[in-house]
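This report covers an annotated span, a helix pair and a sheet. Keep the sequence and structure at hand.

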Amino acid sequence: MKFSEQWLRTWVNPDVSRDELVARLSMTGLEVDSVTPAAGEFSGVVVGEILSAEQHPDADKLRVCRVSNGSEEFQVVCGAPNARAGIKIPFAMVGAVLGEDFKIKKAKLRGVESFGMLCSAAELQISEDHDGLYELPQDAPVGQSVREYLGLDDAIIEVDLTPNRGDCLSIAGLAREVGANYGAAVTRVEVAPVAAVHDDVRPVELVAPEACPRYLGRVIRNVDLSRATPLWIVERLRRSDIRSIDAVVDITNYVMLELGQPMHAFDLAEIKGGIRVRLAEEGEKLVLLDGQEISLRADTLVIADHERPLAMAGIMGGEHSGVSENTRDLFLESAFFDTIAIAGKARGYSLHTDSSHRFERGVDWQLQREAMERATALILDVVGGEPGPIVEAAEQGALPTLKQITLRNERITQMLGMQMSEADVVGYLKGLGLGVSAQAEGQWQVDVPSHRFDISIEVDLIEELARLYGYNRLPVSAPTAALTLAGKPETRGELPALRRLLVARGYHEAITYSFIEPGLSKQFEPQIEPLALANPISSDMAVMRPSLWPGLSKAVQYNQNRQQGRVRLFESGQRFIPAAEGLQQEVMLSGIVTGSRQPEGWANGAEKIDFFDVKADVEAILAQSAAGVSFRFEPVEHPALHPGQSARILNGDEQVGLMGALHPQLVADLDLNGPVFVFELALAKICQGQLPRFEELSRYPEVRRDIALVVDRTVLAEDLLSCIRAEAGAYLKNLGLFDVYEGKGIDPHRKSMAIGLTLQDSSRTLTDDEVNAVMDRVLQSLEQGFNATLRK
């Protein structure tokens, strides 16, 4: 927020310099981003009046003006298109200095002498407007210094407020902070009720009271919008980075900056019937004040009459109902909108306004009547008019309530590490507008005012005390608590070890957003309704991810679009699954692979990665777990995976992960160069590591037996290997599938699977009879369980 230092000092004026004031604001949490002068450096510029303006004899675009400074008249040649008799303008006389070193001298332009210079706003660095002379009000005193007349010995201060400090988005809020910091008196503007002179009203109906629990309206008849906005309002708006539009709009903006209450004025003639505060109908059209037509969504709050929407509540008014030069009667609005109802709505339509900025952060819910009376009084002073009574519609049950908090001195000492005097505690809190009453020794009851919606618990009050006391003044001391080292089980696998493993296998770690686009979530997990954000950053980051695959897929797309053909990425992070018992947040380890099996090189082939390459990476991860070989892979159907190249990973009967190739249709929809393979593992279920232990190497020889089994095509290798492990017993040291054959010499409905068994005993050499007995048991069990026969 930008504001004028002079304006702030009309409310509160501590006896400190500008630099001290700025430093103090920053130290109390209202970070000052910039301090800039209200105008550039210049001297010798006075209010001048053009008495006459004649065409230059030798130049079509120049005029020869006769200018008065109140005591003398001067001839000045000027090229501004709006130079004309009767206007008052900044007049830089001979000897004036603009900027650092531009001195005005007597000159001759196309043969005509010129004694001075008539200035635009840009030449005085008041604004960037250089299209013509800066026209001053007709009551400007001729001959007075322009710097003095406009009050340009001022600074524009810009503060960067955190989202919880919406109470400081006004001069009133900033003055309250400054007053509390310096113990200075705050002179709040006096707002008296404006008496109604007629009974004309428009009925107000709150159709959505939870979103708008309070709405005030007032009819003001017979306004004269041909009258100009007073210069003091225009200047205060300009120094707050708001341009002047017309008197009524300027006054509503002025009240917003002064008190913190956004307001809006409607053309009464455009309101059909009464006011209805309701949610929009899906697809309803509204042309905004900026000229763009939008299609409203059903979750958008609107101000409507009985025929059509008039404005987006708390964001922007409609073009057809706005105030124009033809407006004679006004309907003035002052309302309280719930923060959640407004939050994110402006961004959803690619909008951001001063009004939405304030309502999203919170507006004082008791401020609406005061703002209405203040705006009414200013409108009557500037453009005249006849005010009617204020109509108020309120849903008391939906309005916020005032809070009472118990504050303890011992808690203050504990949190701040110092003893704060009771007088300071009471003084600081009362300076912020909080009510303080003693309950017991070292204990107070604090009444939180409606403008401090960010204070709800005791530590919030202690934070306020720390801010005002000064963070830099708080004592610094080392902790003295008895600290013990937490145990670290060696059987617990650690994520850093898995990261190093994947990096060693050629992967790069990626970090993607937890927020994704709703359509992308449906493409990967259509069976899961994702958690929608109440206030999304943008429409393509509106839901919490139910899987890490969407973010990794977008990362692959980004890399492939930049000619990176071989991509291997992994990520560890949470996924978010809504459930009946609440939101499940599970840490996952996911990966995505595409491109060639080996990096490009003269010794490497160009073979594409396949399912079993990725399966090997997953098995390497699982090998770090204590469960070891108990993990198994089973075919599975998943909407995001290829139906013939997908598997779920089980430990016993518990699923710990998924892997496979992305579905070809999904690859095409995401515009990826396939094939693309992915995996996702539940970290908590695979991180039970193995405790290393010493085991003597056997001095006795191994025995290797290979068997080629003919089984049905539907039989899984994992099932065969599990059966062999169960029957081979303790002698089995290694087991692996090394060949699968289908084709000539084999029944078309069956396949051959070659499996190698390595047997060994640690205390003696196994005899042929012992080995044969093990193999007989294995073959018998395979025959009974799978109708397996030895291939001949």
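Helices (H or I, at least four residues) and strands (E, at least two) are DSSP runs, numbered from the N terminus. The model is predicted: local features need pLDDT of at least 70, side-chain atom pairs count only at pLDDT 80 or more, and totals for chains, interfaces and linings use all residues. Residues are numbered from 1 along each chain as its sequence is written, and side-chain values use heavy atoms, without hydrogens and water.

An unreviewed UniProt entry lists residues 39-147 as "domain: TRNA-binding". Such annotations may be inferred rather than shown by experiment. The span is 2% helix and 43% strand, and its end C-alpha atoms lie 9 Å apart.

Helices α6 and α10 pack at about 140°, with axes 10 Å apart. Axes are lines fitted to C-alpha atoms, for helices over the stretch in contact, and angles run from 0 to 180 degrees between N-to-C directions. Contact means heavy atoms within 4.5 Å.

| Helix | Residues |
|---|---|
| α6 | 247-259 |
| α10 | 368-383 |

Contact residues include Ile-251 and Tyr-254 of α6, and Arg-374 and Leu-378 of α10. By class, the contact has 12 nonpolar, no polar and 3 charged residues. Here Ala, Val, Leu, Ile, Met, Phe, Trp, Tyr, Cys and Pro count as nonpolar, Asp, Glu, Lys and Arg as charged, and the others, Gly among them, as polar.

An open, antiparallel sheet of 4 strands has the order β36-β37-β35-β38. Its edge strands are β36 (732-741) and β38 (789-790). Two strands pair if DSSP finds at least two bridges between them. β36 pairs with β37 (residues 750-759) over 8 bridges. Helix α21 (residues 768-786) lies across β35 (703-712), β37 and β38, at about 15° to β35.
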